[in-house]
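The following note sets out several numbered points on the structure shown below. Please read each point with the structure in view.

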Amino acid sequence: MGDITYIQAINQALKEELRRDPRTFLIGIDVRLGIFGATVGLADEFGHERIRNAPISEAGYTGAGVGAAMAGMRPIVEIEFASFFYCAWDQVCNQAAKLRYMSGGQADLPITFRTVYGALGQAAAQHSETVYGQFLSVPGLKIVVPSGPYDMKGLLKSAIRDNNPVLVFEHMGLGRSKEAVPEEEYIIPLGKGAVKREGKDVTVVAIGIMVSKALAAAKMLEKDGVSVEVVDPRTLVPLDEEMILNSVAKTHKVLIVDEGHLRGGAAADIAAIIADKGFDYLDGPIKRLAAPDVPVPFSPPMEQFVVPSNEKIVGAVKELVG
Amino acid sequence: MAAEINKDLLLKMYRTMQTVRQTEERLRDLFKEGKVPGFLHVSIGEEATSTGVCAALTDKDYITSTHRGHGHLIAKGGNLKPLVAEIFGKRTGYCKGKGGSMHIADFSIGMLGANGIVGAGLPIATGAAMAAKIRGSGEVAVCFFGDGASNEGTFHESLNLAGIWKLPVVYVCENNLYGEFSSGKDVTAVRDIADRARGHDMPGVIINGNDVVEVYETTVQAVERARRGEGPTLLECKTYRWEGHVVGEEAFLGKDAYRSKEEVDDWKLRCPIVSFEKRFLANNMFTQTEFDTIKAEIKREIDEAVAFAIESPMPDPEEALEDMFAAA
């Protein structure tokens, strides 16, 4: 076991899968240089046919990925910032998500989309959005939001091996975080979450970078005698409902923490599922801590106001436990 | 040619280019000192394009801009204090700290915003032109966009719309040979973006983007054509950005990662400001003293703008919830 960073985890997963299957290839803006470090060195090993720099034309190159997938390849399409998915919306949501279904199962779409999401720090509204919540209501897409290096490596490999469109969301706030990973190859199946911290007083369901914030909050709350269980769904589609419901059955109180918005996001979606299937477990209303329904503002104090923090998680848990 | 442009206008354009240059240099330096939040895209080297184009426009005319918009704002007549304050994220900024560098805007002078999405300004400028046409009010819209943006679908859709409806829009491509960190050679199928005008049935003109007089005169012709109701024009300004895509990119890419030092140095020899000074000193139109006086005035203005920005308050956190919807 050695420690690797989140960015190294992405790089290793990509390398291993590109080596494993010659049908895989990577396309995106400046992927040969790899501005966040995730794709550095890949062009040297795999060449320019399989590591393609695309022009800034998201609809075009995303759609080209869809076409390549249906013609027998396994594309890995990088969208530089999650907000740029909006430029490729038709190809992801009307095409990749629906073509298999509409063709009665004829079309194969073994395509992986990777993107950087969330507030990086004063990147303003068009470079800071979470976006994964939007895809929850587009059936046909799998959604993966890894919370650390170990999960990232295992989940990204699964995503690439999956024969369906899978969207993987990477948060660069986690870029340098380190974790031990096995020397041997490993996969984390999609749809299997993990309890990241056991507790008995309250369940905190956390998504992506919010997992590490929830864990930090849990440490602070422990000093105040509150025992927090942190569960990490890892994938939003498919969702490990069983893990979430088991935890709520144990603690009877639940807070969902997400960087996305309150309306129509991952927190709202999970809350509805818990309300539907776990109502009898609950001692009180389901709480959500998410971004208010405004675009992410540029200026630091306003940006900090909209992004859930360790302290806000502590506050929300304290409100829940009374 | 230059004789027809009056001396006042020439000096005004010099002042604008110097303001853009010095402001961008100061912002770059402040960024490197860690005083500017987020990312910064500066237009050092491209001053003649923003200046020459905007000199052909009135306050009522519209422009859309890119992620590299400080020069466009200044050239259109924007003020340094709210510009710098916005870049610092202060409440006194143009956008009350909501947008920052990439979203700088001054709607009161028709500057419809810098934009973080490559290619987004093309349909927007086209729409502003459409509004002018519907109203019959005579404004022209100018779209600033890069060579990278000309590969976006929105470029083709916009030019087609402007063509079919003969919209009063001038599309100004600032071709600085790179889109982010990729050379145009690798991502753009044509060498001259102006060639794409033919595919959309409008004139396509290549200009030395570092010659402010040439930029100005060509834009005047395109603007007059638009105002006469004859439709759009595509102007391609060949130019270069000295600083790279974002300030500080060497830190994560390494030095000379995608552009050679020789290429950068070669373009620096074609500085739009130095060439202007040489030309108009040689023909005795202006004196070095006149130039130096202007430079000193601008330095003071920038000092004041930076002091204003530093002294201005940050927004209150809850201001994040404001400016969502207009009154119904």
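1. Helix α7 of chain A passes helix α11 of chain A in a right-handed crossing. A crossing is right-handed if the near helix is turned clockwise from the far one by less than a right angle, and left-handed if anticlockwise. Helices here are DSSP runs of H or I with at least four residues, strands are runs of E with at least two, and both are numbered from the N terminus. The contact is made by A:Lys213, A:Ala214, A:Ala216, A:Ala217, A:Met220 and A:Leu221 on α7(A), and by A:Asn310, A:Ile313, A:Val314 and A:Val317 on α11(A). Residues are in contact if their C-beta atoms, placed from the backbone, lie within 7 Å.

2. This is a predicted model, in which local features need pLDDT of at least 70 and side-chain atom pairs count only at pLDDT 80 or more, while totals for chains, interfaces and linings use all residues. Residues are numbered from 1 along each chain as its sequence is written, and chains are lettered from A and ligands numbered from 1 in the order in which they are written.

3. Helix α7 (residues 210–223) and helix α11 (residues 310–321) of chain A pack at an angle of about 55°, with their axes 8 Å apart. The axes are lines fitted to C-alpha atoms over the stretch in contact, and angles run from 0 to 180 degrees between N-to-C directions. α7(A) is therefore oblique to α11(A); angles under 35 degrees count as roughly parallel, over 145 as roughly antiparallel, 65 to 115 as roughly perpendicular and the rest as oblique.

4. The domain assignment, automatic or from a database, divides chain A into domain 1 (2–181) and domain 2 (194–321). Contact between the two involves 26 residues of domain 1 and 24 residues of domain 2 of chain A. On the domain 1 side, β6 (142–144) and α6 (149–161) of chain A each supply at least two residues, and the largest share, 3 residues, comes from β6(A).

5. Chain A also touches chain B: 28 residues of chain A are in contact with 37 residues of chain B. On the chain A side, α3 (58–70) and α10 (300–306) are the elements that give two or more residues. Of these, α10(A) gives the most, with 6 residues.

6. As a whole, chain A has 11 helices and 14 strands. Its C-alpha atoms fill a box of roughly 60 × 45 × 40 Å, taken along the principal axes.
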